[in-house]
Amino acid sequence: MAKKKFVVGCFDDEAVLFPAVKKVRTSGYKIHDVYTPFAVHGLDHALGLRETSLHTAGFIYGITGTATALGSISWILAKDWPLNFGGKPHFALPAWIPITFELTVLFSAVGMVLTFCYLCQLAPFVKKHHFHARATDDLFVMVIECTEKTNADDLKAFLASNGAIETDIQVAEEGWWLGRYDKDEHPFQNKQTVVA
Amino acid sequence: MHLKYESQLREPLVNGDKNYHQVTEDIVRPIEAKPSRLWYVGFYIAVALLLFGVYSIYRDVTYGIGQWNLNKTVGWGWDITNFVWWVGIGHAGTLISAILLLFRQGWRTGVNRAAEAMTIFAVMCAGQFPIWHMGRVWMAFFVLPYPNTRGPLWVNFNSPLLWDVFAISTYFTVSLLFWYSGLIPDLATVRDRAFTKLRKRLYGIASFGWTGSTKHWQRHESLSLVLAGLSTPLVLSVHTIVSFDFATSVIPGWHTTIFPPYFVAGAIFSGFAMVQTLMVIIRKVFQMEDYITLGHIEAMNKVIVLTGSIVGIAYLTELFMGWYSQNKYEGYTFWYSRAYLFSPYGWSYWGMMACNVLSPQIFWFRKMRRNLFVTFFMSIIVNIGMWFERFVIIVTSLYRDYLPSSWSVYYSPTIWEIGFYAGTFGLFFTCFFLFAKYMPVIAVAEIKYVLKTSGENFKGKMDKLEEEGVEKFAHDHAH
């Protein structure tokens, strides 16, 4: 897998990050991603990301569950082995509502979580390059992909002038691989405050 | 630029002068520090209880459930009482994380993670009772509808007991997914701070390679919202279905249309009480007073007094209907077996009334809602009361049925029934102690998300906005 060159700018305030994102984008740079410690609302729009369709997938899984439940219960109780419960109708729809509802929810929830993990490449033993160890703590880490035309030093200065408190150039793998986190070098570990 | 503004009338959700790093520091510290002696003492007590429970279950499987004091008349006793009790407790977590998320209640962020964990452990405990009550537990897979060589002999989809199987297992699965998907970013925070190799490795595995990418957060938000939307009817359906176990029968005392809403209110009531019990301890032991504030405690006490009063109205409605229906069996169950103090189980009914209806009324007073000692004491009282409620419903309806010749002698549990119950306490607290030690008990990322709107130090800076007129404010800050 090919490695790429990235310029990394770290911000410590989302109020500074937003204008910086805007400026970087209008200047024609391609933002690879912004890593944040929590969900910053509106950042996806600022980056020009499209809305996620995860909820549509959830709906489709849900109706699959509904259809599975109704289909199998009606086949089982009305066709395959009709049992006589006190002369009541074999096709007893009201009594099937609870299980139909539960399977709808179950299919939808399980399907969505699996889809989410698949789309975000999340799984045990998955390893990715982390541009900054504090991206899950208190820094908003903007990562810009370099092309052959990019002057990385200029870009670093540009980020710093837009409020980045720390800038850096990194050559990194952009995908995921199977790996262990304790085999890492931790370039930023010594900057963390360690409290036991 | 984002404008983050919240009225000064609202209490801060995070006290003290915090920034993002401080939040991480405060919440992750207990994971990185050695556990206190108190933790070990509590953990070993929990494990001891668990082992006693395992031994009780071993006896149950070896000798059959004849070692319980159940008989033909009282066929459900402590086991199903405990099942419903634990399931009820297991409702608060998902209620807090799902319904309060949809209602945009900011205070849920301080307590949701621990409450969800509690939910999962409570449902695990609840599940034990119907499973081991089967007696021949190695036949448990008969409840699954799969094409088999016995016909195929299918399960009865019209039976509320089968609805229960589906409801409880769906509820457990969805709660677990909801809890863990919320936990992934926080586990990544722990991973990135870890300074021992083992911790780095284990939290690396547990956090699924989370990076905090904006796209991932966007999907994560969408996932949480839809899971909350799914869990909201789910949490209401689960206890509704549990109540159907009783309501669809023709036993006086069970055969009641009021049961679904009454059970759901009771479940929320007992669940919040258990959350209070745990939160009062957690905030003290882990020094989380800044995150689980008196405001959080007060908000939950308000829910307790509301739901306690709802179950109170349900009890009174049942009594009224017992008289108004002019059905002598109903009347006997409600007015003799339950409400008459000197009937064999009258004590349990009045214990329930005192614990669930009368004592929570103390929370009409703000001073009491914000008093930790009262809160802790009341949370225990409420859960005792809710145990009585299930006992009353099950045993007082069964022990004297239509035919006086089959009336039961006084039902009281054997040591092995009590041991089984104690064992589930052991299971619950063993899991909870491990959770509190190895996982962030508060949702780190979610606290950071509300910090700048609801943190005490950030709210302080909003004072001058309060003085501005609405028009000027809108003019200055409109996009």
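Predicted model: local features only at pLDDT ≥ 70, side-chain atom pairs only at ≥ 80, totals over all residues.
Residues are numbered from 1 along each chain as its sequence is written, and chains are lettered from A and ligands numbered from 1 in the order in which they are written.

Figure 1. The crossing is left-handed, a term for a near helix turned anticlockwise from the far one by less than a right angle. From α10(B), B:E318, B:L319, B:G322 and B:W323 meet B:E330, B:G331, B:T333, B:F334 and B:W335 of α11(B). By class, the residues of this contact are four nonpolar, three polar and two charged. Ala, Val, Leu, Ile, Met, Phe, Trp, Tyr, Cys and Pro count as nonpolar, Asp, Glu, Lys and Arg as charged, and the others, Gly among them, as polar.

**Figure 2. B:Q326 in the loop between α10 and α11 of chain B.** B:Q326 is not a glycine, yet has a positive phi, near 55 degrees. B:Q326 is exposed, with 8 other C-beta atoms within 10 Å. A residue is exposed if 12 or fewer other C-beta atoms, placed from the backbone, lie within 10 Å of its own, buried if 20 or more do, and partly exposed in between.

**Figure 3. The loops on either side of α5 (108-133) of chain B.** B:R104 lies in the loop between α4 (92-102) and α5. Phi of B:R104, which is not a glycine, is positive at about 55 degrees. This residue is exposed, with 7 other C-beta atoms within 10 Å. The loop between α5 and α6 holds B:P152, and the peptide bond from B:G151 to B:P152 is cis, with omega near 5 degrees. Most residues other than glycine have a negative phi, and most peptide bonds are trans.

**Figure 4. The side of chain B that touches chain A.** Here 62 residues of chain B are in contact with 64 residues of chain A, contact being C-beta atoms, placed from the backbone, within 7 Å. On the chain B side, α1 (20-32), α6 (160-193), α7 (197-206), α8 (214-247) and α16 (444-454) each supply at least two residues. The most come from α8(B), with 16 residues. This side divides into 28 nonpolar, 21 polar and 13 charged residues. Chain B has 19 helices and zero strands, whereas chain A has five helices and six strands. Helices (H or I, at least four residues) and strands (E, at least two) are DSSP runs, numbered from the N terminus. Buried residues make up 51% of the 479 residues in chain B and 33% of the 196 residues in chain A.

Definitions and conventions
Contact = placed C-beta atoms within 7 Å.
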